[in-house]
Amino acid sequence: MPNLSQPSRRQALKFLASAPMLPLGVMSVSSLLTACASTGGTGAAMAMGNYLSTAFTSMAVPTLADPAAMAATTVGSSLNVMLRDGSKQSYKLAYQPFFITGDRVSDGKGGSILSGGYYDILNKPIIDRSVAGKERQFFSDCPDGTSLLQLANAKVSGVKGKPVFAVVQFEYTTRDQSNAEAYGTLPSPIAVLTLDQDQATGKLSLVSYHNVDTSSVNGLWITCGASLSPWNTHLSSEEYEPDAFNTGDKRFKAFSKNLFSDETVGNPYHYGHLPEVTVNPDGTGSIAKHFCMGRISHELVEVMPDQRTVLMGDDFTNGGLFMFVADKAAQLSAGTLYVAKWHQTSGVGPGSATLSWIKLGHATSKDIEKLADSIKPSDIMDVKTADPKDASYTQIPFAGKTNWVKLKPGMEKAAAFLETHRYAALVGASLGFSKMEGTTVNAKDKIAYSAMSYIKDSMLNGSGDIKVQGPQSGAVYALNLKGAQKDRAGMAIDSDWVPVDMAAPAALIGEDLATPDALGNISHADKIANPDNIKFSEKMRTLFIGEDSGRHVNNFLWAYNVDTKQLSRLMSCPAGAESTGLQSVDDINGWTYIMSNFQHAGDWEKGLHDKVQATLDPLVRANYKDRFGAAVGYLTADRSSVKLG
C-alpha cells in the first residue's frame, strides 16, 4: 500500500477510531479516502470511486480448547477492501447485539417493553404459568427475519444522529419454563426497532422498540425468514401452514387458545400467507397479509428488480418452487401464481434440471381473504389418506405422505390459493423439494439462488419428479433468469425474471461424513451444511449463507464471492443455535451492514452434541438466560484492526 503522509494518517485514524461498521458504502469508503486525500500526500490517489472489491478471510472452527467461543457468538474473520490503486484496507470483524430477547428495552414513551414478548389478539401479554410462583410473560428465544431500512421523512425523539429502523420477527419459543415444548403454540410477535445511527462511525444504538399490532390480520403463524422489498417494506412469512383437513391438530388448537383464549376460534386458512410490514416515520408499524401469493410454507422471499416478480422458498416436505407475478409494481395485492415443473437433467449429487412453469391462477388478496373467511376445506376438495379405490380421485404426494384428492366443481381458484400444495400436485407440478429455504438474487448476472437446507426424503424417492443423491447436508442452487417464457398452456409469462434451470455450484454443496469428526460434526466443517438464510450483496458480489444445521455442532455464517468462488466462514453461532435474521445492506447513509441473529442456543441434539454438551451447557445457560434468550444484532468492523500503512 502506498505510504500516507502523517496528516492523512491522523485524519483517517480519527475518522475510524471508533468505527464499528463495515466501511464499504459510498460514505464509509469514499469519505474515508476523501478524508485522507483532503490533507494531501499520496492518499490523494484514493479518491471517490476508488473502491474495487471486497474479500473475507475465513475463521477457524471453534473447539473445546476454547469452550467460551463455542458457547457464544464468535467472530474470527476479517474483511479486506481492495482499492483500484492496488492498496488494501483490512478490518477484523466482530458482532454487536442490540439486545438479548427477554431484556427490558425502551418503548420510546418513557417506559420499557419486553423484547421478543408475546401478545394475544387484544394486545395483552401472554403469560407463562407453567411453573407456579414463576409466572412471567412469554418471550421468544427464536428471533428470525430482519429488515434494516431508512425513511426520508423519519422523525423520532431521542435520536442524535440519523434514525434507522429494523423490523424483527420472532419465529417461535422453544419451550415454556416447565421445559414442555412450545413450538408453534404462540402467535409470532413482530417489532420495529428505532436505531440511532452515529454518522461518524456508523454504529447503531437501540432507541425504542415498538410491538406491531397484528390483530387486524388475525395474528401471525410461525414467521421465519424475511426480506426487504424494493419499495422499503418488510416481507415476512408464515411457514408450515396448518392443515385445514386435520381438525385434531393439537398445536393449532394451542395457538388458537393462546391467541384468542379459545382453541376453536382460529381458522387455518388465515395462516400460511405472506405478511408485509410498513414502517411509519415515527417508528411504529402497520401490517397487511397477502392471501393471493399461495398458502404454502413461506420462507424468505425475494422480489426481483422489476418489483413484480417474486420467488418464494417453500420449507416443506414435498414442497414446490413457486413464483408470483404482481399485476402492478410494488403492489402484492393482486397477481398470478405459478409453480415449477422440474425436468431432471442429472441425478448426480444434488442434481440439476431445466424448469417450466404451470399457472395456478390469478387472484386479488381481498378475494381470497373473503374465501378464507367463509369456506370450509370440504367445500374445496375431498381428501383421503388411504386409497379409496375410486378412479375419480388422484393420488398426490403431500407432506411426506400420500393423499388421494378430488376437486369439487368450480373450486379451482379456492384450491390454488388456499390448498396450494395439494392443488399444485394435482395439476402436475413438481412437488418434490425437501426443505427449500431462502431465496435471493444476483441482479447483475440475472441469477437467483435457492437454499435447499436438507436434500432428503421427497428429493430422493422421486415422489415429486425429483430423484437425486443428496447430500443431506444440503446445497444452494443457482437459477438462471430469463424473459420471453411461456407457461405450460403456451401463454406468455409477463416477467423478464423467470427461472429456467437449476443446479448447485460445487462450492455450495455440503458434504456428509461417514463417521463424526473429533468434535461430533456429521457434515464437513469446512463446507456449508444445511443452508437456510441467504442474501446477496451486489456491491460486494458476495452471497451470504446462514446455516440451520442438525449436522454441525456450531452453525456458521458464510460468505461466498461469486467471482473468485471463495467460501469464507465469518461467524460461529452458539452451539445448538441456528443462524437467522440475515440481511446484507449495501448502503444506509453510506454505511454497509450485515444483519445477523441466532435462535435456540443450547438446543442439544442427541448424537451431534454428545461430546460437547456437558462442557457447554452451563456456559450457554449463563450467556442466554438459561437458554430462553437469543441475540438480535449485526456484524461490525473492529476498530482496533484498521490498517492504513
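Author: A charge sits over a ring if NZ of Lys or CZ of Arg is within 6 Å of the ring centre and within 35 degrees of the ring normal. The structure discussed here is a predicted model, in which local features need pLDDT of at least 70 and side-chain atom pairs count only at pLDDT 80 or more, while totals for chains, interfaces and linings use all residues. Residues are numbered from 1 along each chain as its sequence is written, and side-chain values use heavy atoms, with hydrogens and water left out.

Reader: What makes Arg 569 lie over the face of Phe 556?

Author: Arg 569 is placed at 4.6 Å from the ring centre of Phe 556, a value that falls inside the distance limit, and Arg 569 is assigned to the face of that ring. Lys 456 is likewise listed over the face of Tyr 454, at 4.6 Å from the ring centre.

Reader: How do you know that strand β32 is enclosed by the rest of the structure?

Author: A strand is a DSSP run of E with at least two residues, a helix one of H or I with at least four, both numbered from the N terminus, and β32 spans residues 556–561. Buried means under 20% relative accessible area, exposed over 50% and partly exposed in between, with a 1.4 Å probe and protein chains only. Six of the six residues of β32 are buried, so the strand is largely enclosed. Phe 556, Trp 558 and Tyr 560 point one way from β32, whereas Leu 557, Ala 559 and Asn 561 point the other way.

Reader: Why is the pair of Trp 221 and Tyr 271 called tilted?

Author: Rings of Phe, Tyr and Trp (its six-membered ring) pair if their centres lie within 6.5 Å, and planes under 30 degrees apart count as stacked, over 60 as edge-to-face and the rest as tilted. The centres of Trp 221 and Tyr 271 are 6.5 Å apart and their planes stand at 40 degrees, so the pair is tilted. The two residues lie 50 residues apart, Trp 221 in the loop between β12 and β13 and Tyr 271 in the loop between α4 and β15. Trp 221 is buried at 3% relative accessible area, and Tyr 271 is buried at 0%.

Reader: What makes the pair of Phe 598 and Tyr 624 edge-to-face?

Author: The planes of Phe 598 and Tyr 624 stand 75 degrees apart, with 5.0 Å centre to centre, which places the pair in the edge-to-face class. Phe 598 counts as buried at 2% relative accessibility, and Tyr 624 does so at 7%.

Reader: How do you know which residues Pro 574 touches?

Author: Contact means heavy atoms within 4.5 Å; leaving aside residues up to four places away in sequence, Pro 574 touches Met 70, Ala 71, Ala 72, Thr 73, Asn 554, Phe 598, Ala 601 and Tyr 624. Pro 574 lies in the loop between β33 and β34 and counts as buried, at 0% relative accessibility.

Reader: What puts the buried residues of α5 on the same side?

Author: The buried residues of α5 (residues 365–374) are Ser 365, Ile 368 and Ala 372. The arc is that of the directions from the helix axis to the C-beta atoms, and these residues cover an arc of only 70 degrees, which puts them on the same side of α5. In general, an α-helix has 3.6 residues a turn, so residues three or four places apart point the same way. Lys 366, Lys 370, Asp 373 and Ser 374 are exposed on the other side of α5, while what covers its buried residues includes β16, β20, β21 and α7.
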